[in-house]
Amino acid sequence: MAQIIRSDEWIEPLHNYLTTARNCGHRVFHELGKTGRQFLLRTDLCDVLADICASENCPEGLKESPLGKLIRLTQEATLNASWIYLAVRTGIAQWRYLRIALDTLIPEEISIRDFLQFKEFLASGQHAENDWLLEIDFGPFSRDFPKLKEPHSIGRGVEFLNRHLSRQLFDELGKGNERTLEFLSIHSYRGQQLMLNEQISRVSALRKALRQARELLAEHAPGTPWQDVAVPLRSLGFEAGWGKDVSRILDTMRLLTDLLEAPEPATLEAFLARIPMIFSLAVISPHGFLGQANVLGRPDTGGQVVYILDQVRALEKEMRKRIAEQGLDIEPQIVVVTRLIPQTEGSSSDQRLEPISGTRNACILRVPFRNASGEILPHWISRFKIWPYLERFTRDAERELLAELGGSPDLIVGNYSDGNLVATLLSHRLGVTQCNIAHALEKSKYLYSDLFWQHNESQYHFSCQFTADLIAMNAADFIIASTYEEIAGSRESIGQYESYAAFTMPDLQRVVGGIDVYDPKFNIVSPGADATVYFPFSDNDSRLAHLQPEIEALIYGDTLPPNARGTLAEREKPLLFTMARMDHIKNLGGFIDWYGSSEKLRELCNVVVISGHVDPALSTDSDEREQIEKMHDMFDRHQLDSCVRWLGMRLPKALAGEFYRYIADTRGAFVQPALFEAFGLTVIEAMSSGLPCFATCFGGPSEIIEDGVSGFHIDPNHGTEAAERMVRFFTRCRNEPEAWTSISSAALQRVANRYNWQRYAERMMTLSRIYGFWRHVTDLEREESQRYLQMLYSLQFRPLAQTVDQGN
C-alpha cells in the first residue's frame, strides 16, 4: 500500500475533541446505535451525521470538527454496546483503522487484523477470537517490488514500469544491455529465428553490427523492402522482424541504439512496441453462451460476449498491422476458448469451432465440461456453480488449444473470475504471459457478500469465487481495467479491486493483504463500441432504413409480438429505453417501479424494455424468473400496459444499433438503472448513437458520463430522485429542444475522445510486449508467491470447489 503517516497528528485532535465535547460525541454514537444495525456503511454514517447537523440543537461546529471529518472519511463501521470499530479511508486506497470505547470515548488505532476479527465476532456471534483462522497476506511477497506512490498514477502501471525499467537498465548499464540482448535473441516463430541470430552474442558485437547495418542501409532507398537487404543484414547477425522496408528498419535500429546508450521510458516503450513477439492469443471465457447470434440476454450472457468479440476483431487487425510493419509474412491467430453446451437452445454453442465474423483467422473453440466420470454435461450451468469443472476444463482446453494453434499462445487473456482462474492455470502450465480482465467483480455487487458468505453459499458460492479472484489477481502479469473507478474508486467510494485488499469470510479465511492497487500490473484500457454498428442517429447515409418498419412494429404495433407485454397508447411521446438481462443487479424492475410511481414522468414519456423472457416458464434461471415476476407485478400495480412496451427478445447486433438510433429520433433517452455496473457497454453504445443516458452512479458509468454534460448520473437507491431528474430533463427539452441536442452532441464527443477499439488494441499490444520484456529481465514471476498461490489453490480452492452442488 502507499505509505501512510502514522502519528498522533490524526488521533490527537479527535481525542481532544471527544474529551472537550463529550456530550456531542456521545450523541453521535448514540444515534448510530439507534439504527439497530451492527454494520454501517459510509452512506449510513453520513445520513446520521446530516440528520444531527440539520436538527435545531445541533452542536456548533460538529460538521467540520475532527469527529465530523472522521465520520465522512469512514467507509465502514462495526459496533456493539461497548465499542465502535471504524475503517477510515484517508485517501485513495489509503486506510487506517481505529476503535472507540463508547464509555470513555477514547480513540485507539488498531491493525486491520483487529478490525476484521471484531467483524467476525459480531457476524458469527462467537465469543472467542479465532486466532487460527486461515489468514491470507500477499504483502510480504512484494515488499521489495517497485510500487506506485501517488493515487493519480493508479491504472498507469506501464508508464511507471517503463520509468523503472529504464532506470534499472541505466543503473546496471552493462548487465541491463546484456538482458536486452538476451531478450532480442529468444524470438522465433515456428523454427524461424527473428531479430538476431547466433552471430551476435555480446553487446559490443551488437553495437558494432548496428553501426555496420546503418552504413549498409544508407545506400538503399527508404522504400526498399526487407527481402532486398535480408542477405547482407543476416551476414551481420540480423534476422527478419526489424521492419518491412529500409526506412522502418533504420528507425527500429535507431531506437535500439538510443536504448543501449541511454535508456529512456519513451524510447523503451517505442522499441518494445516493435518487437515481433505476439502472433497468437488465447482468450478465455468459459461461462454462459458465447456466440455471435441469438445469445445476448440468455442467463450469464451479456456485455462480456460483445466485449470479447469486438476485442478480438480489433486485436486481429492491430496484430496484422504490426506484423506487416515488421516485414513478416505471418498470419495472426486468435482463439476464444469457451464451453461447449450440447443443449444449446437455438444458438451455436454446440459447435466445437466457429469462425468469428469480421476476422480472417479468429475462431471460437468450445470445450465441454465433464463430470468426475468423464461424461459431458449437456446443459447450461450458472456461472456461480461452474467451479468444480474448471480444472478438468483447463486440461482439455490446453490440449485442444495447442492443437489449433500449433503450439503455445504468446499471450493468454482471461475474462471474469472463471476465465481468469483458467488463464492462471494455463499460464502456469505453458509459461506464457497472463492478462486478466474482470468485467465484473461480484464482491462489489453484493453487499456484505464476504461477511455473510455462508448465508448465500448454496446459491452463489462466493467462497470459491473470491478465493479464485485472489489467486488470479496475484498471478497475473498485468490486469486491464476499463475505468479508474474499477481499480481504486473515487474519493468517496472504494474501487472494485480495492475491495479485495482486506476482507474477512468468517470461519473460512481472513484476508489482510489481498491485492494492492498501487501495483504496476494495473492498467486502464477502455473499450469502445463497434463503430460500424453504433454510429450517430444523424448519419442518415449509413442508417439501416429497411429495419425501421420492423422496429416501429416492435415498439408500436397493435398486435403484440410473441413474448411481449404492453401496447403504447400515445405515440407522440419520447421513449425511455432500457436493455439488459433480467438480473437483480441490473434492476430493471426497480426502474419500472420508479417510472410507474412518477405521474409526471408517465405524462412526459413512454418506456421500452428489452430483456429476457416475458413468460417466466421459459427461463431456466431462478434469479431471472424472480425478476420476471417482479416486472409483471410492477405492470399490474401501476397499470402500465398502455405506456410501457416490454419485449422479451434478443436483438441482433445490426438491429440493436438501429434501435438506439430510432429511440434518438423520438428525442428519447437510454436508462441504465443497475445497482452496480462494472463498466457499462450499453451506455457506450447508446452514447455512440447520440442518445442521452441516465445511468447508475455506481461503477463505470460514473466515469464514462460527465454528469449534466454528456449524460446524467442517477442513484438506484433513490428512485424517486432519479425519476424526478428525468422529469426535469424532459420538461426542459419540451420547452428548449436545444437542451436535448446539447447532451446528445456532448455524448457523441465524449465517446469519440475516450472510448474506441483502435486505441484499445494499440494499447493492449504494447502492454503485452512491455510486460513480456519485464517478465524476462526480472523475477516478475515471483517464485515465492507462485508457491503460495499453488498452496492456496490446492488446499483452499480445490476443497471448496468440490462442495459445489453440480446442478444448474
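Two strands pair if DSSP finds at least two bridges between them. Helices (H or I, at least four residues) and strands (E, at least two) are themselves DSSP runs, numbered from the N terminus. The model in these exercises is predicted: local features need pLDDT of at least 70, side-chain atom pairs count only at pLDDT 80 or more, and totals for chains, interfaces and linings use all residues. Residues are numbered from 1 along each chain as its sequence is written, and side-chain values use heavy atoms, with hydrogens and water left out.

**Exercise 1. Confidence**

Find the mean pLDDT of the chain, and then look at residues 1-7.

*Solution.* Start with the term: pLDDT is the predictor's confidence in each residue, from 0 to 100. The mean for the chain is 92, and 97% of its residues reach 70 or more. Next, turn to residues 1-7, where the pLDDT is below 50. Beyond near neighbours in sequence, this stretch has 14 contacts in the model, a contact being heavy atoms within 4.5 Å.

**Exercise 2. Strand β23 and its partners**

Which strands pair with β23, and in which sense?

*Solution.* Begin with a general point: strands of a sheet pair through backbone hydrogen bonds, either parallel or antiparallel. Now take strand β20 (residues 575-579), which pairs with β23 in the parallel sense over two bridges. Within this pairing, L576 has A669 of β23 as its bridge partner. Strand β24 (residues 693-696) also pairs with β23 in the parallel sense, over three bridges. Here Q672 stands opposite A695 in β24. To get from β23 to β24, the chain passes through helix α24 (residues 681-688), and this β-α-β crossover is right-handed. Right-handed says that, with the strands pointing away from the viewer, the path from the first strand over the helix to the second runs clockwise.

Finish with the side chains of β23 (residues 669-672): A669 and V671 point one way, F670 and Q672 the other way, and all are buried. Buried is under 20% relative accessible area, exposed is over 50%, and partly exposed is in between (1.4 Å probe, protein chains only).

**Exercise 3. An open sheet with helices**

*Solution.* First, write down the order: β1-β2-β3-β4-β5, with antiparallel pairing. The edge strands, β1 (39-41) and β5 (107-110), each pair on one side only. Neighbouring strands are turned by 25 degrees against each other on average, direction ignored. For such angles, axes are lines fitted to C-alpha atoms, for helices over the stretch in contact, and angles run from 0 to 180 degrees between N-to-C directions.

Second, zoom in on one pairing: four bridges join strand β4 (residues 94-101) to β5. One detail to find is L98, whose bridge partner in β5 is E109.

Helix α5 (residues 112-124) lies across β1, β2, β3 (83-91), β4 and β5, at about 50 degrees to β2.

**Exercise 4. Aromatic pairs**

Why is the pair W83 and Y85 edge-to-face?

*Solution.* Recall the rule: rings of Phe, Tyr and Trp (its six-membered ring) pair if their centres lie within 6.5 Å; planes under 30 degrees apart count as stacked, over 60 as edge-to-face and the rest as tilted. The whole structure holds 45 aromatic pairs. In W83 and Y85, the ring centres are 6.2 Å apart and the planes stand at 70 degrees, so the pair is edge-to-face. W83 is partly exposed at 26% relative accessibility, while Y85 is buried at 7%.

Now compare F478 and Y771, a stacked pair with 4.9 Å centre to centre and 20 degrees between the planes. F478 is in strand β15 (residues 478-481) and Y771 in helix α28 (residues 757-777), 293 residues apart. F478 is buried at 0% relative accessibility, and Y771 is buried at 1%.

**Exercise 5. An enclosed helix**

Why is helix α20 described as largely enclosed by the rest of the structure?

*Solution.* List the buried residues: L588, G589, G590, F591, I592, W594, Y595 and G596. That makes eight of the ten residues of α20 (residues 588-597), so the helix is largely enclosed by the rest of the structure.
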